[in-house]
Amino acid sequence: MTISKISRRDFLSLTGKASGGLALGASSLTVSLPAVANAPFPIAPETPKDALAMNIFVQIDSDNTVYIVAHRSEMGQGSRTGLPQVVADELEADWDKVKVVQARGDAAYGSQNTDGSRSVRDFYSVMREMGATAKLMLRKAAAAKWNIPLEQCEAENHKIIRKGTKASFTYGELAEAAAKIPTPKTAELTFKSTKDFRYIKKPVEIVDLEKILVGDTVYGMDVDLPNMVYASIEQCPYLDGGVTSFDASEAKKVPGVIDVVEIKARPMPAVFHPLPGIAVVASNTWAAFEGRKKLKIQWKKSSHQNHNSAEYMAEIKDSIKNGKANIVRKKGDIDKAFAAANKEFEALYTVPYLVHAPMEPMAAAAIATKDKIEVWASTQTPQSAQKNLMERFGLKDDQVKVNVTLLGGGFGRKSKPDFILAAADVSMALNGRPVRLMWSREDDIRQGYYHAISAVRLKAAMDKKKDITAFHARACYPSIGSLWNIKGDNPSNSELDLGLTNTPFNVANEQVDTTPVFAHTRIGWMRSVCNIQQAFALGSFVDELAKETGHDTVDMWMQMIGSDRNMDYASHGYKLSNYSKSMDEYPFETQRLKNTLKLVAKKSGWGKKTPKNEGWGISCHYSFLTHVAIATHVTLMDGKLTVDEVHCAVDCGLAVNPDRVKSQMEGAVIFGLSAALIGEITFADGKVEQSNFHDYPVLRMSQSPEIHIHLIDRNDAPRGVGEPGVPPVAPSLTNAIVAAGGKRIRDLPVNKVYNV
């Protein structure tokens with residue numbers, strides 16, 4: 001028997017039942033075409049067949065198992081655990097009887113773009129609502145069975161208990177009856193108080209841990225389909241390039257090579273189109289890689305084939321100095337203030353191109369015909385992949401399925417579906433034969449969407465008392481917007497809002513502006529995005545100002561931030577994007593930023609005298625609505641730099657799973673240190689010069705410091721966690737080098753100056 005209930009009130013709500021299963025929908029979600037014939041919404045592929053019919057987020061089977069859909073992508077951050085544990089808590093479910101199932105890409109789930117540190121931030125309330133709705137329906141079902149008032153039925157550990165008695169029903173026993181209950185109105189729902197949380201704010205172990213440990217999980221590289229072949233693509237090294245001609249005769253002689261397929265160039269802008277190239281298809285990955293080496297390709301000329309990153313950095317610096325300023329935010333009159341200043345201080349900070357380098361390079365499997373496409377990929381954005389596949393091949397959404405595997409890291413790279421489109425291209429050319437496209441590490445390093453090479457110049461004016469009377473920030477770097485607009489030559493406001501237009505200072509005269517430069521490669525968002533270069537500049541500058549004015553660095557921060565208040569740039573004639581959240585809902589509170597700085601100073605022993613050649617550096621930053629401060633201790637001996645210890649204080653609102661927050665921060669410290677110490681991508685003659693971990697390394701265990709994470713306990717709305725730990729790392733590191741008697745480093749990476 002199948003029963004379904006669908007209603008629309010102030011949000012889409014979906015409910016139904018099949019084979020004793022209870023299914024629920026979510027608020028703030030949009031409906032999609034049916035994924036299966038008898039369901040009004042998509043079904044997670046992992047859901048058992050006898051419970052398939054109509055589940056979108058929560059399903060309770062007659063065997064007492066609760067299935068909770070993970071609609072975000074898991075790349076190590078813990079969203080497959082964190083969001084379901086919120087549902088389970090409100091549902092009063094027994095975590096041991098919960099199974100998490102992974103959703104396909106579908107608009108019915110709301111946004112599935114697992115980026116921007118927003119999984120928990122955006123879905124915490126929705127998931128609580130899901131659990132509370134299911135719980136109320138189960139209570140109503142029990143009340144009807146006992147013919148008693150609802151108030152006498154309480155949910156407790158996977159059961160509905162009749163108050164004052166030992167009578168109870170399990171969730172599985174109530175599922176069928178509960179599914180017939182009309183979906184409760186939002187106003188009917190009751191939510192648990194913080195003191196009653198069973199799983200929220202608790203260190204729940206990630207659901208995939210055991211399988212990961214024994215290698216029993218499926219990543220993009222593990223997908224195995226019947227009759228599947230393997231492909232590797234030699235891609236054009238230049239932006240706006242293409243294939244003029246190619247000779248694949250030698251490649252086809254390699255044992256195992258089956259075919260050769262050309263990936264055609266698409267007109268600029270680059271967006272998420274696959275790079276043009278020649279795909280070698282083989283019966284195994286090794287043969288595909290070997291065959292690729294035998295290809296002889298003539299590349300089409302490109303206006304970017306002379307791109308040289310050293311010359312480009314010189315162009316950026318010249319633009320900072322002489323380019324036409326585009327004023328973004330202004331308060332007071334900096335020209336007047338600088339003219340009246342007793343002293344000025346100015347510094348220019350640069351960051352090179354960086355690349356994501358996730359442990360698992362890009363991989364996607366596809367079965368593609370002119371009527372239907374199904375892909376399996378380690379993607380952060382299955383809906384974007386689906387949309388781009390639809391547009392590329394002229395299909396409708398019900399003709400394209402995107403299955404999400406686990407991701408071996410992402411850091412923003414796997415939010416670009418170019419590799420998924422290429423896999424579909426190859427399968428389409430093979431008349432729908434299953435293909436798994438494999439990127440090598442070299443492909444990953446050389447064919448990325450790179451974090452922008454950048455320069456940020458900061459200036460301050462001081463009066464006779466050495467108080468700061470004016471602050472001027474100027475940035476120049478190629479914009480991510482160049483992916484969609486090749487004529488765009490300035491960073492967007494949303495990029496500048498990541499740590500430059502939203503400086504937390506209380507200075508009478510401020511101005512933020514940009515100068516132009518065009519992009520020569522694909523620019524993409526990387527973990528913490530433009531906060532990387534802007535926090536490096538800001539955190540370094542405050543430390544430098546402290547030394548110029550004779551202040552302690554923490555005191556300098558406190559002086560520049562000023563009084564406790566919510567930052568408001570409206571008086572500057574500027575509306576901050578604030579990560580698409582209103583300033584009322586998620587204010588930038590200077591008190592919270594200062595508190596993280598005070599905490600990390602206390603925990604690290606800031607201010608205590610250190611031995612010669614050792615030093616502490618400190619910095620703080622607000623990003624993705626979260627406040628983070630970091631203190632770093634280094635030792636500098638004979639030109640050898642050792643990072644010994646890092647303390648990190650975090651105020652991210654309520655921490656749903658404290659262990660995952662700590663892990664994210666630990667990972668952010670390693671990620672930030674890797675970039676600051678040894679991260680650099682360079683271009684010569686239009687091509688990336690690096691190729692693998694030997695010349696684009698990430699931090700080794702022997703280079704990693706002791707890391708201490710200090711969470712500030714709060715119960716207000718969760719904020720971002722995945723990225724905010726990265727930005728303050730670089731300035732705290734370079735400030736520490738100065739404290740240890742070393743050179744001020746304004747041009748990253750550090751290994752240009754010191755051995756690390």
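**Helices, sheet and surroundings**

User: Just after helix 8, which residue takes a positive phi, and of about how many degrees?

Analyst: This is a predicted model, in which local features need pLDDT of at least 70 and side-chain atom pairs count only at pLDDT 80 or more, while totals for chains, interfaces and linings use all residues. Residues are numbered from 1 along each chain as its sequence is written, and side-chain values use heavy atoms, with hydrogens and water left out. Helices (H or I, at least four residues) and strands (E, at least two) are DSSP runs numbered from the N terminus. The positive phi just after helix 8 belongs to Gly394, and its value is about 65 degrees.

User: How far apart are the end C-alpha atoms of helix 8?

Analyst: The expected span of a helix is 1.5 Å times one less than its number of residues. For the 12 residues of helix 8 (residues 382-393) this should give 16 Å, and the model agrees, since its end C-alpha atoms are apart by 16 Å.

User: How many residues of helix 8 are buried, and what does the cover of these residues include?

Analyst: Buried means under 20% relative accessible area, exposed over 50% and partly exposed in between, with a 1.4 Å probe and protein chains only. By that criterion 9 of the 12 residues of helix 8 are buried, so the helix is largely enclosed by the rest of the structure; among them are Pro382, Leu389 and Phe393. Contact means heavy atoms within 4.5 Å, and what covers these buried residues includes strand 18 (373-377), strand 19 (400-404) and helix 9.

User: How many of the 12 residues of helix 9 are buried?

Analyst: The 12 residues of helix 9 (residues 418-429) should span 16 Å, which agrees with the 17 Å between its end C-alpha atoms, and the helix is followed by Asn431, whose phi is positive, near 60 degrees. The buried residues include Asp418, Phe419, Asp425 and Ser427. Helix 9 is largely enclosed by the rest of the structure, because the number of its 12 residues that are buried is 10.

User: In what order do the 5 strands of the open sheet lie?

Analyst: Two strands pair if DSSP finds at least two bridges between them. The pairing in this open sheet is mixed, and the 5 strands lie in the order 15-23-22-21-16. The edge strands, each pairing on one side only, are strand 15 (326-331) and strand 16 (343-351). Read across the sheet, then, the order is 15-23-22-21-16.

User: Which residue of strand 23 is the bridge partner of Ala470?

Analyst: Strands of a sheet pair through backbone hydrogen bonds, either parallel or antiparallel. Strand 22 (residues 468-476) and strand 23 (residues 509-514) take the parallel sense, over 6 bridges. The bridge partner of Ala470 in strand 23 is Asn509.

User: What angle does the direction of helix 12 make with that of strand 16?

Analyst: Axes are lines fitted to C-alpha atoms, for helices over the stretch in contact, and angles run from 0 to 180 degrees between N-to-C directions. Helix 12 (residues 531-549) packs on the sheet, where it touches strand 16, strand 21 (454-462) and strand 22. Its direction makes with that of strand 16 an angle of about 150 degrees.

User: Is Ala251 buried or exposed?

Analyst: Ala251 is found in the loop between strand 11 (243-247) and strand 12 (257-263). Not counting residues up to four places away in sequence, Ala251 touches Val257, Gly291, Lys294 and Leu295. With a relative accessible area of 0%, Ala251 is buried.

User: What relative accessibility does Lys294 have?

Analyst: Lys294 lies in the loop between helix 5 (285-293) and strand 14 (296-299). Leaving aside neighbours within four places in sequence, Lys294 is in contact with Asp247, Glu250, Ala251 and Val254. Lys294 counts as partly exposed, its relative accessibility being 42%.

User: What is the relative accessible area of Asn657?

Analyst: Asn657 lies in the loop between strand 26 (640-651) and helix 15 (658-678). Residues up to four places away in sequence aside, Asn657 touches Thr81, Gln85, Lys202, Pro203 and Val204. Asn657 is buried, with a relative accessible area of 4%.

User: What is the radius of gyration of the protein chain?

Analyst: There are 16 helices and 29 strands in the protein chain. The radius of gyration is taken over C-alpha atoms, and the globule rule is 2.2 Å times the number of residues to the power 0.38. For 756 residues that rule gives 27 Å, and the chain comes close to it, so it is as compact as a globular protein of that length, with a radius of gyration of 27 Å.
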